[in-house]
Amino acid sequence: DFHPASQGDLLRLLPGLQPNISGPGGNGNFAVRGLPVATGGATFVQLQEDGLPQGLYGDIQLGNNDYVTKVDALTDSVDAVRGGTAATLASQAPGAVINYISKTSKSEGGYVELEKGVNFDYTKVNFRDSGIINDTLYYNLGGFVDIGHGPRHAAYNVSKSYQIRGNITKELSDGKGYLRLLLKVADTQEPNDTGGIACGNITGGSGWGGKVSNLQPCGNFDTRKQSAYSINNASFYYVDVDGARKLAPLNGITTKQKTLQLQFHYEFSPQIKLDNNARYSSLSGGFSSGFFNAAPTSSVIGTAPNELTTATVASVRYANGPNAGQLYNGALLNNNTDVYTRIRDLDSFVNDLKLSGKFDLTGKIRANIYAGWFFMSQNIGMDWHVQKTFSEVNGSNPAMLDLYDASGNLLTANGIAGYGNNWGSCCSRNYDYTFTDNAPYLSLNLDGGEWQLDGSVRQDFNHGSGSGSISTGKAYTANVYQYNPVKAAYVTTAIPYYLPDAAAEVINYSKQMTSWSFGGLYKPMQNLSLFARASRGRLAQ
C-alpha cells in the first residue's frame, strides 16, 4: 500500500486541516478550517506524542513543533480532534489537537523495511520489534534511519537522520493497571525547501481576475525536480552574538532530542480510573536554510549593497563554482537570505493528571466525568542570524554571486553583503524565556441513549519570564580577507553586521484564560442525528 511520504502528506489526510510544509524537516504553516494562519507555524494546533505536547506553543518562530514529531514504525495511529472540544482537551489548541500514538500492545515479532527513491537518491530503513518478557512485562521498539539527496536532487545529503523510540510496560499484579516507560532518542537533519521559480502568461489583468496559462519552468530551474541546495553554498559565514565570524552548515532543519516519559494507569473500580502522564524532553537544534526569491539582475545595478559603502554595483560575477570570477549574465538572481537560527534550548517538562468516572444515574442515563490538572514548563532559548545574500538562479548547483563597483572593487564576500541585517534591526535576535501553564479542567457527558449532552471547561494560568534583545540598527564592520579576481590580488572587504545589542527586553507576566465547550446530540431515528455545539478556545498570546 502507498503511505504518506512526509508529515505534510500525512496531516493533509485529516479533514479540515491544511498544512503547508516546506519539506520533511517541518516548518509548516497549519491552517484549520475557520481559522487563519496567524503568524506561521501551528498557532491554533497542538501536536502531541502519546497524549502530551512536545511544545507548549505551536508557533515558536523558526522552532515549530513539527520539527520534533515524526511518524515512524512505532506509530500505531494518529488521532485528531478539530474544533469543538479541542478548546478544552488541550492548552493552546483551540483549532485542533493531533496525537501521535505509539504501539504499546502486548505482542511478539517485528519487521525491517527498506525504502529507496525510485529516481532519486534517498534510502530509509524502518524497523520495529515487540516482545514479551514475562506475563506482566513487555516491550515495543521502533524507529528509522535515513540518508539521501531527496526527490529534488540536492547536491549533497540533505536528509541524514535517525530516530529510535521504545516503551516497556509493567502490568500491576492485581490486574488493575500498569506502569509504562517511554523513551525517545533522535538526531535529525532534513531539508527545508523554500520554493523556486516558474514562468507563465497572465491575461485578463494581474489581480485575482487574471488567468494564468502556459506555466512552465524557467531560469534554468525546474522546482519540481531541482533544488537550491548546492555544493557552492553548503555552508556560509555568519557573525555570532559574541561578534566572531563563524561558519554554519546549510543543513536545513536539525534536532537533537532525548525524552523520558512515564505513564501510570490504575482502576480503583470498573467505574473510577486514575491516569498520570509525565515527560521530560531535552531538545536543541537549528534552522539553517536558504530562502528563495528571483529578481531581475538589473535590479541590483546602480544600488549600494549595504550601509558601509556609497559605492554602487556596476557588475555581478560568479563568486565560486566552475565559473568563479567570470561575469554573470543571467537575467535573474536570487536576492533572498541565508538564515541560521540556533535553537539552544527547547527543553520542557509536562505532566497531565486525570481522574475519570462512569456512573449510571438512572436506568437510562449514564454519566461520564473526568477532572484533571495539566502542567507544562517550556524553555525557549534561540539566536537568529539572517544574512543578506546573492546567488545564481539555477537548479543545478547554483553559485554564489559577488557584486563589484565600477572600479572592480568587491562589495560582497562570497555572495554575502551583510551579516544579520537582511530583515533589518528586528531580526538579529538573542533570547531566553521560560513559560509555564497550569490548567485544571473538567468534563461531563450525559448519555440518554437517544440523546447526549456534554460540557467541558478549562482554566489556564500562564506565566512567562526571561529576556531578549534585538539590534539597535548599528552596523559593525567585519573585515573579510579574500581574493579579488578582477584585481588579481587579495584584498580586505568591509562587510556590515548587526548584533542583538539593544537593551534587553524583560518579560514577567501572568495571564488567566477560560476555555469552554458545550454540545448536544439528538437521534430522532436510527439513521438521523441532530447536533449543535458552541465553543470558545483561548491562546496565551
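Residues are numbered from 1 along each chain as its sequence is written. Because the model is predicted, local features need pLDDT of at least 70 and side-chain atom pairs count only at pLDDT 80 or more, whereas totals for chains, interfaces and linings use all residues; side-chain values use heavy atoms, without hydrogens and water.

**Exercise 1.** Determine how strands β29 and β30 are arranged.

*Solution.* Strands are DSSP runs of E with at least two residues, numbered from the N terminus. Two strands pair if DSSP finds at least two bridges between them. Strand β29 spans residues 476–484 and strand β30 residues 489–497; nine bridges join them, and they run antiparallel. Within this pairing, alanine 478 stands opposite isoleucine 495 of β30. Four residues separate the strands, which form a hairpin, and alanine 488 in the turn has a positive phi of about 55 degrees.

**Exercise 2.** Trace the salt bridges made by arginine 342 and arginine 344, and state which parts of the chain they join.

*Solution.* A salt bridge places a side-chain nitrogen of Lys or Arg within 4 Å of a carboxyl oxygen of Asp or Glu; the count comes to 14. Arginine 342 meets aspartate 383 at 3.0 Å, N to O. Aspartate 383 lies in strand β23 and arginine 342 in strand β21 (residues 338–345), so this pair ties together parts 41 residues apart in sequence. Burial is classed by relative accessible area: buried is under 20%, exposed over 50%, and partly exposed in between (1.4 Å probe, protein chains only). Aspartate 383 and arginine 342 are both buried.

Next, arginine 344 bridges to aspartate 432, with the closest N and O atoms 2.8 Å apart. This pair links strand β21 to strand β27 across 88 residues. Arginine 344 is partly exposed at 31% relative accessibility, and aspartate 432 is partly exposed at 42%. Finally, both pairs belong to a salt-bridge network that also includes Asp240, Asp242 and Lys246.
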